[in-house]
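Please read the following alongside the sequence and the coordinates, moving from the cavities to the sheet and then to a single side chain.

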Amino acid sequence: MFSWLKQLRRQRLQTRPFPKEWLTLIRHHVVFFFRLSVADRAELLRHVQVFLAEKRFEGCGGFTITDEVRVTIAAQACLLLLHRETDYFPGLLTILVYPLTYMVEEKRQVGEHVWEEGTVSRLGETGRRMGSLVLSWGAVKHGAADPSDGKNVVLHEFAHQLDYENQAADGVPGLATREQQLAWSEVMRTEFASLRAADETGIPTLLDVYGATNPPEFFAVSVEAFFEQPRALRGRHPRLYAELQKYFQQDPVEFSAENLGREKRSSS
Ligand SMILES: [Zn+2]
């Protein structure tokens, strides 16, 4: 349970008037925002107030943090919090932002006893014990501007943070009951295995095959598809969609750009 002091502080933050300049920034950058219902928009803005008061931002690689950066990241991350009781990504303290991609040294296994070392570029990352989350501002802006290409680095990295809420990086977020956990595990195991098989055989997939890396990446990639391509996900992976819908208590088909695009085509 959250302490009453923390709750009181959050309630006060949520009832503060939302700065007009921040709303203008959301209007400019975050395309999905005005597709949400009026009630969801109001809830999202309340979450943004708490999020921005509690999380620290740090610019890296010569990057300067501005309100534009903070608000654009917060509005996308808080989409994951609607309709549920939330503790605002409790393991996360700091968000590090690079201007574009950033380079990291990586060692990866390519065979049983074979490791490859090299420098790779990344758009974002986070870890259960890091206390931080890294993002490329270029990727953040692109993700916010195109809400239906199935790619969103903010949703992806913050989905990992939700995964950690059950104290493990296992692709399972905090689920209330044993029954839910069992249903979740069964569906995710089957869907993960089928993505792996499709990846190995080269069959085209809706889900990014990066999700075949491991169950945590499968969850993060599924969250991107759930919010960005919900109609396609519901059609092709109905059980996966249903589990995500139960967890998030949202039906993104109602507000997705993908949905609107279809309506436009059918009426023209
Ligand atoms: Zn990931």
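Which helices each supply at least two residues of the lining of the second largest cavity? They are helix 7 (178-201) and helix 10 (238-248), where helices (H or I, at least four residues) and strands (E, at least two) are DSSP runs numbered from the N terminus. This is a predicted model, in which local features need pLDDT of at least 70 and side-chain atom pairs count only at pLDDT 80 or more, while totals for chains, interfaces and linings use all residues. Residues are numbered from 1 along each chain as its sequence is written, and side-chain values use heavy atoms, with hydrogens and water left out.

A search of the whole structure finds two cavities of 30 Å³ or more, a cavity being a set of points, on a 1 Å grid over the protein atoms alone, where a 1.4 Å probe fits but cannot get out, with lining residues having an atom within 4 Å of a point. The largest has a volume of about 80 Å³ and is lined by Phe32, Leu79, Gly143, Ala144, Pro147, Asn152, Leu155, Phe227, Glu228 and Phe255. To that lining, helix 5 (137-145) and helix 8 (215-228) are the elements that give two or more residues.

Four strands form an open sheet in the order 1-2-6-5, with mixed pairing, two strands being paired if DSSP finds at least two bridges between them. Strand 1 (56-59) and strand 5 (124-126) stand at the edges with a single partner strand each, so one side of each is left without a neighbour in the sheet. Strand 2 (residues 94-98) and strand 6 (residues 132-136) run parallel and are joined by five bridges, and Leu96 of the sheet stands opposite Val134 in strand 6.

Finally, what does Phe51 touch, leaving aside its neighbours within four places in sequence? This residue, which lies in helix 3 (residues 38-54), is in contact (heavy atoms within 4.5 Å) with Phe57, Ala74, Ala77, Cys78, Tyr88, Phe89, Ile95 and Phe158. Phe51 counts as buried because its relative accessibility is 0%, buried meaning under 20% relative accessible area with a 1.4 Å probe and protein chains only.

Key:
On a 1 Å grid over the protein atoms alone, a cavity is a set of points where a 1.4 Å probe fits but cannot get out, and a pocket is an open set with protein on both sides within 12 Å along at least five of seven lines; lining residues have an atom within 4 Å of a point. Grid points are joined across faces, edges and corners, and a volume is the space filled by probe spheres set on the points. Buried means under 20% relative accessible area, exposed over 50%, partly exposed in between (1.4 Å probe, protein chains only).
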